[in-house]
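We start with the overall fold and end at a single residue.

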Amino acid sequence: MVGGENSDSRPLRVAIADDAVLLREGIGQLLRAGGVDVVASVDTAEQLLHLLEGDDRIDAVVLDIRMPPTHTDEGLRALESLRAEGSTVGVLLLSMYTTAAFAIRAMSAGSGTGYLLKDRVADGDTLVNAVRTVAGGGSVVDPEIVQLLVSARSSEAAVESLSSREIDVLRLMAEGLSNAGIAAALHLSLRTVESHIGHIMNKLDIEDTTEGHRRVLAVLRFLGRDG
């Protein structure tokens, strides 16, 4: 997948749901500038779910977590409803708040899911890349959420046992980067990254897996668990 295009060379088809009109329009402009086809723009999760029932060509949706009527977790409940129905549409959730529990809940819904803070989407490339990732079945987690979780558990023996380089790898792994992506970001060889990940999994007692989303979720759950 290149730029904003789908695997069949057509532009990604994306729907947006957010009750803030100006933000919704801004997101649409950034996506269009990145070559994405914004096919719908609605202001409630209910409208989005209704839209998806009638259009199976939509590749991904971008939606706020807190929308009418209660402004609590409508976006998350929409995601969970989609996954319960077997939908594999990519879902990128946006939030104003650094909420680790929401991020873990989002990633628990399955692959093709992302969670970003709204401040992050001011960067059009970040937004388009995140949409492309979830549309392709990948995972995206906001770096600020990952930092919050790592910091919250930094006093525990398991995390303290990690080297500074392993912490760097852990953060990028939890953000959803592949081994090759981590290698490029840290200017390391792929074999070195694989070695670091093996050590991290052993030290944190997390079952390793080659399936990216499960690995991200395992790390987030470890970092976000109580006590």
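In this predicted model, the secondary structure of the protein consists of 11 helices and 6 strands. The C-alpha trace spans about 50 × 40 × 30 Å along its principal axes. For 227 residues, a compact globule would have a radius of gyration near 17 Å, and the protein agrees with this because its own value is 17 Å.

How does the chain pack? Of the 227 residues, 48% are buried. Among contacts with a separation of 6 or more, 65% are made by residues 24 or more positions apart.

| Property | Value |
|---|---|
| Buried residues, out of 227 residues | 48% |
| Contacts with a separation of 6 or more that join residues 24 or more positions apart | 65% |

Now for a single residue. Ser155 sits in the loop that runs between helix H6 (143–152) and helix H7 (157–160). Is Ser155 buried or exposed? Ser155 has a relative accessible area of 57%, so it counts as exposed, the cut-off being over 50%. Ser155 is 37 residues from Lys118 in sequence, and their C-alpha atoms are 29 Å apart in space.

Terms used. Residues numbered from 1 in each chain as written. Predicted model: local features only at pLDDT ≥ 70, side-chain atom pairs only at ≥ 80, totals over all residues. Heavy atoms only, no water. Helix = DSSP H or I, 4+ residues; strand = E, 2+ residues; numbered from the N terminus. Rg over C-alpha atoms; globule rule 2.2 N^0.38 Å. Buried < 20%, exposed > 50% of the residue type's maximum accessible area, 1.4 Å probe, protein only. Contact = heavy atoms within 4.5 Å.
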